[in-house]
Amino acid sequence: MVYISNVRYDSTGRGARTNVALNQQWVAVTNDSRRAVNLNGWSLSDAAGHTFTFHHYSLGARATVRVHTGVGRDTRSDLYQDRRTQVWDKSDTAKLRNDRGRLVDQISWNQHRATGHPRQGGGRH
């Protein structure tokens, strides 16, 4: 099962638009199955419609990848949206869709508490 396992959002404050601050914003996607999952064409989006699409990426068995907001060099465990502005706000929703556009998982939060976050295997297929 692939699901959103954690979120770090809202890097407001001094320097919030720096690349370092933007990369402190991320959404973690976890595969808790015994087989790798091809995420090519899958997407992460927020309530405002900002969308990141996975390209040529396979998430290993029992592995997690963090999708950072800012600019960086992609690795197996960290991918970068290459954005210059903040995506995840104090009150927002992260949605994970498969390559057919079907909702796989979502997490919503506000500045006081998150719904379903952090999640330990509670995602939907």
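Q: Hi! Which strand is S4 joined to, and how do the two run?
A: Hello! In this predicted model, strand S4 (residues 43-45) is joined to strand S9 (residues 92-97) by three bridges, and the two run antiparallel.

Q: Which residue in S9 does Leu44 stand opposite?
A: That would be Leu96 in S9.

Q: Staying with S9, how many bridges join S9 to S10?
A: Six bridges link S9 to strand S10 (residues 103-109), and these strands run antiparallel.

Q: And what is the bridge partner of Arg97 in S10?
A: Arg97 has Leu103 as its bridge partner there.

Q: What about the hairpin of S9 and S10, how many residues sit between the strands?
A: There are five residues between the strands of that hairpin, and Gly101 takes a positive phi near 85 degrees in it.

Q: New topic, the open sheet. In what order do its four strands come?
A: The order is S1-S2-S7-S8, and the pairing in this open sheet is mixed.

Q: Which are the edge strands?
A: Strand S1 (2-8) and strand S8 (78-80) are the edges, each pairing on one side only.

Q: By how many degrees are neighbouring strands turned against each other?
A: On average, neighbours in this sheet are turned by 25 degrees, with direction ignored.

Q: Back to S1: how many bridges join S1 to S2, and how do they run?
A: S1 and strand S2 (residues 26-31) are joined by six bridges and run antiparallel.

Q: Nice. Which residue in S2 does Ile4 stand opposite?
A: Ile4 faces Val29 in S2, standing opposite that residue.

Notes. Residues are numbered from 1 along each chain as its sequence is written. This is a predicted model: local features need pLDDT of at least 70, side-chain atom pairs count only at pLDDT 80 or more; totals for chains, interfaces and linings use all residues. Side-chain values use heavy atoms; hydrogens and water are left out. Two strands pair if DSSP finds at least two bridges between them. Axes are lines fitted to C-alpha atoms, for helices over the stretch in contact, and angles run from 0 to 180 degrees between N-to-C directions.
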